Amino acid sequence: MEVAVSTRKIDEFHSDGNTILILGIGNYLMGDEGVGVHFINRIDKTQFPEGISFIDGGTGGFTLIPYIENHQKVIIVDATMDGKEEGTISLLKPRFSEDFPISLSGHNFGLKDMVEILSMLDTMPEIYLYTITILKMEPMCMQLSPKVEASIEKVTAEIIQQIERFKN
């Protein structure tokens, strides 16, 4: 019996030759729900080592699949309504769609579906999901509440530490 060996080539267009993707997800026009997008647009990318792609994923859903599958490690920052204190940062390492919390905010469905597709295609990278607890989504609001705003600096430091651990 022959065993199929994956000869899948990394798509340089979607990875820029980088092995790590940092992806901010959220709706910029829904207040705290857009914290992932605020994060990716505010961080000082010079704080990070080389070999990292940074993407504002917005509410991109399926259009993000080529970017995710063409990196070995993907770090996602997203809002969640999990009942914890506002601004709480949690790290999850989902491998299957059911590993994602039910309480992810507005685009929860898209992330879970993307994971299902990546699993089916056998192109699932290591995913590190950093969630930031929000209390509400506020339509037509582009500002973050003070506690969620303060979480951006904290999650940035946590992600930099996580990337350092990748080296070990």
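How many bridges join β1 to β3, and do these strands run parallel or antiparallel? In the predicted model considered here, β1 and β3 run parallel and are joined by five bridges. Within this pairing, Leu-23 has Ile-76 of β3 as its bridge partner.

The two strands belong to an open sheet that is formed by five strands in the order β2-β1-β3-β5-β4, with mixed pairing. Because β2 and β4 (residues 89-92) each have a single partner strand, they stand at the edges of the sheet, and one side of each is left without a neighbour there. From one strand to the next, the twist of the sheet averages 20°.

Two helices that pack on this sheet can be described in turn. Helix α2 touches β1, β2, β3 and β5, and its direction makes about 130° with that of β1. Helix α5 likewise packs on the sheet, where it touches β1, β2, β3, β4 and β5, and the direction of α5 makes about 160° with that of β5.

The buried residues of α2 are Val-35, Gly-36, Val-37, His-38, Phe-39 and Ile-40. The elements that cover these buried residues include the strands β1 (20-25), β2 (52-58), β3 (73-80) and β5 (126-133), together with the helix α5 (146-166).

Terms used
Residues numbered from 1 in each chain as written. Predicted model: local features only at pLDDT ≥ 70, side-chain atom pairs only at ≥ 80, totals over all residues. Heavy atoms only, no water. Buried < 20%, exposed > 50% of the residue type's maximum accessible area, 1.4 Å probe, protein only. Helix = DSSP H or I, 4+ residues; strand = E, 2+ residues; numbered from the N terminus. Contact = heavy atoms within 4.5 Å. Pairing = 2+ DSSP bridges. Axes fitted to C-alpha atoms, helices over the stretch in contact; angles between N-to-C directions.
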